[in-house]
Amino acid sequence: EAHFRSYLQEHWPLRLAGIAELGSNEPRDRIHLMGQYKVAESVIDYVVDTYGRERLPALLAGLGQYDRWETLLPAVYGVSPSEFEAGWKAYLVTHYGVNLATVRQ
């Protein structure tokens, strides 16, 4: 968790669009790759915390149906990507103690 806090401080602001980079073939070092996986995991944590564990299967099913956040999130959770991303970022700030005064912008 301490490593992820540090990763968040260095890579803030995060973007949902950045999660798609996980599937790219671009070489990455192990620390960066682990940070990226933790970012993706944090979206799942946010979904469970915000919408409930029972709504997680809808997200997983939606990932197979939709190829963009702009279509996935309204269909699955009835929110825009910007609304979802703002909530996710607020969750990260609260849950991981991101210090917005000291992050790289």
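## Overall make-up

Of the chain's 105 residues, 36% count as buried (under 20% relative accessible area, with exposed over 50% and partly exposed in between; 1.4 Å probe, protein chains only). The model is predicted, so local features need pLDDT of at least 70 and side-chain atom pairs count only at pLDDT 80 or more, whereas totals for chains, interfaces and linings use all residues. Residues are numbered from 1 along each chain as its sequence is written, and side-chain values use heavy atoms, with hydrogens and water left out.

Along the sequence the pattern is α-α-α-α-α. Among contacts (heavy atoms within 4.5 Å) between residues at least 6 apart in sequence, 67% join residues at least 24 apart.

Leaving aside residues up to four places away in sequence, Tyr77 touches Val47, Tyr51, Arg55, Leu56, Leu59 and Phe84.

## Helices α1 and α5

The buried residues of α1 are Phe4, Tyr7, Leu8 and Gln9, and they pack against α2 and α5.

α1 and α5 pack at about 135°, with axes 11 Å apart (lines fitted to C-alpha atoms, for helices over the stretch in contact; angles run from 0 to 180 degrees between N-to-C directions). The two helices are therefore oblique to each other (angles under 35 degrees are roughly parallel, over 145 roughly antiparallel, 65 to 115 roughly perpendicular, and the rest oblique). Phe4, Arg5 and Leu8 of α1 meet Leu92, His95 and Tyr96 of α5. By class, the residues of this contact are 4 nonpolar (Ala, Val, Leu, Ile, Met, Phe, Trp, Tyr, Cys and Pro), 1 charged (Asp, Glu, Lys and Arg) and 1 polar (the others, Gly among them).

## Glutamine 36

Gln36 is found in helix α2. Its relative accessibility is 9%, so Gln36 counts as buried. Between Gln36 and Ile19 the C-alpha to C-alpha distance is 7.2 Å, and the two are 17 residues apart in sequence.

Terms used:
Helix = DSSP H or I, 4+ residues; strand = E, 2+ residues; numbered from the N terminus.
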